[in-house]
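Here are my notes for you, as promised. Please keep the model open beside you while you read them.

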Amino acid sequence: MQATVRTPAAEDRPDVASMRATAHLVLAPDNAPEAMPPTGDELEVLTAALRSHIDQLAPEVEQAAAQLPENAPTRTAALACAGEARGKLRAPELGFAGLTGSVMYARRLARVLTSLCDHHAIVRACVVRTPVQAAFERLAEHCLKCPTCRTVDEQGAYAGVPCEEESRLYEAYRAARARAAAERLNRRGYRTESTA
């Protein structure tokens, strides 16, 4: 008799798009002044759905992050997000029972769920270092080694001598952050203008 290895079927994988949509239902009223947040039974159903989604996605994120090298920044960030998500699930059990049915608690769950979805996409793609992290590392490495950037005055304080390479690397870092923020907003259902 031959043993078979069960691979995760498509229906076993988390439906990240529906998770994002559920979170959007709770967070969207912040973007439209005339919209009201969910209340009553609707809020209870959404809160239960958010908790279920987090409960399903957190282990997936941890499992995918565990496949990355131990020193990968994306691994560390994903594991921290999964830990925070589990903490949000435990919050009502830790003496915040009044939060269980509140919009505030649902929004906390929705925000951590969207972050989990973002980390899920990154670690599933086996990204060891995001473009923002890589740009920051280039900037930091330059500033630590560049004699111009390390120039100090007579009192030993940073002299602020202009460095063209530092300025270029800093602008590259800012651009990478802006692109990442725009991509996050687009994934979460908000439309932004393209940033170059």
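Predicted model: local features only at pLDDT ≥ 70, side-chain atom pairs only at ≥ 80, totals over all residues.

Which residue forms a salt bridge with Arg-20? The partner is Asp-118, and the closest N and O atoms of the two are 3.0 Å apart.

1. Residues are numbered from 1 along each chain as its sequence is written, and side-chain values use heavy atoms, with hydrogens and water left out.

2. **Confidence.** The pLDDT (the predictor's confidence in each residue, from 0 to 100) has a mean of 82 for the protein, with 81% of the residues at 70 or more. Please read residues 1-10 with this in mind: their pLDDT is below 50, and the stretch has two contacts in the model beyond near neighbours in sequence. Contact here means heavy atoms within 4.5 Å.

3. **Overall layout.** The protein has six helices and zero strands, giving the pattern α-α-α-α-α-α along the sequence. Helices (H or I, at least four residues) and strands (E, at least two) are DSSP runs, numbered from the N terminus. Of the 196 residues, 32% count as buried; buried means under 20% relative accessible area, exposed over 50%, and partly exposed in between (1.4 Å probe, protein chains only). Among contacts between residues at least 6 apart in sequence, 70% join residues at least 24 apart.

4. **The largest nonpolar core.** A nonpolar core is a set of buried Ala, Val, Leu, Ile, Met, Phe, Trp, Tyr and Cys residues joined through side-chain atoms within 4.5 Å. The largest one has 31 residues, and Leu-50, Ile-54, Leu-57, Leu-113 and Leu-116 touch the most other members. Helix 1 (16-27), helix 2, helix 3 and helix 4 are the elements that each give two or more residues to this core. Apart from it lies another core, of seven residues, including Val-132, Leu-139, Tyr-173 and Ala-176. In soluble globular proteins, nonpolar side chains tend to be buried together.

5. **A closer look at Leu-50.** Leaving aside residues up to four places away in sequence, Leu-50 touches Thr-22, Ala-23, Val-26, Ala-106, Leu-109, Ala-110 and Leu-113.

6. **Helix 3.** The 18 residues of helix 3 (residues 73-90) should span 26 Å at 1.5 Å a residue, and the end C-alpha atoms are 26 Å apart, which agrees. The expected span is 1.5 Å times one less than the number of residues. Which residues of this helix are buried? They are Thr-74, Arg-75, Ala-78, Cys-81, Ala-82, Ala-85 and Leu-89. These residues cover an arc of only 130 degrees around the axis, which puts them on the same side of helix 3; the arc is that of the directions from the helix axis to the C-beta atoms. What covers them includes helix 2 (40-66), helix 4 (103-124) and helix 5 (131-145).

7. **The Arg-20 pair.** Back to the opening question. A salt bridge is a side-chain nitrogen of Lys or Arg within 4 Å of a carboxyl oxygen of Asp or Glu, and the structure holds seven of them. Arg-20 and Asp-118 are both buried.

8. **Two pairs within helix 6.** Arg-168 forms a salt bridge with Glu-165, with the closest N and O atoms 2.6 Å apart. These two are three residues apart in helix 6 (residues 164-187), so about one helical turn separates them. Arg-168 counts as partly exposed at 48% relative accessibility, as does Glu-165 at 31%. Arg-174 and Glu-171 also meet in a salt bridge (4.0 Å, N to O), and both lie in helix 6, three residues apart. Arg-174 is partly exposed at 47%, and Glu-171 at 44%.

9. **Asp-55 and Arg-86.** Asp-55 lies in helix 2 and is exposed, with a relative accessible area of 51%. Asp-55 and Arg-86 are 31 residues apart in sequence and 7.7 Å apart in space, C-alpha to C-alpha.
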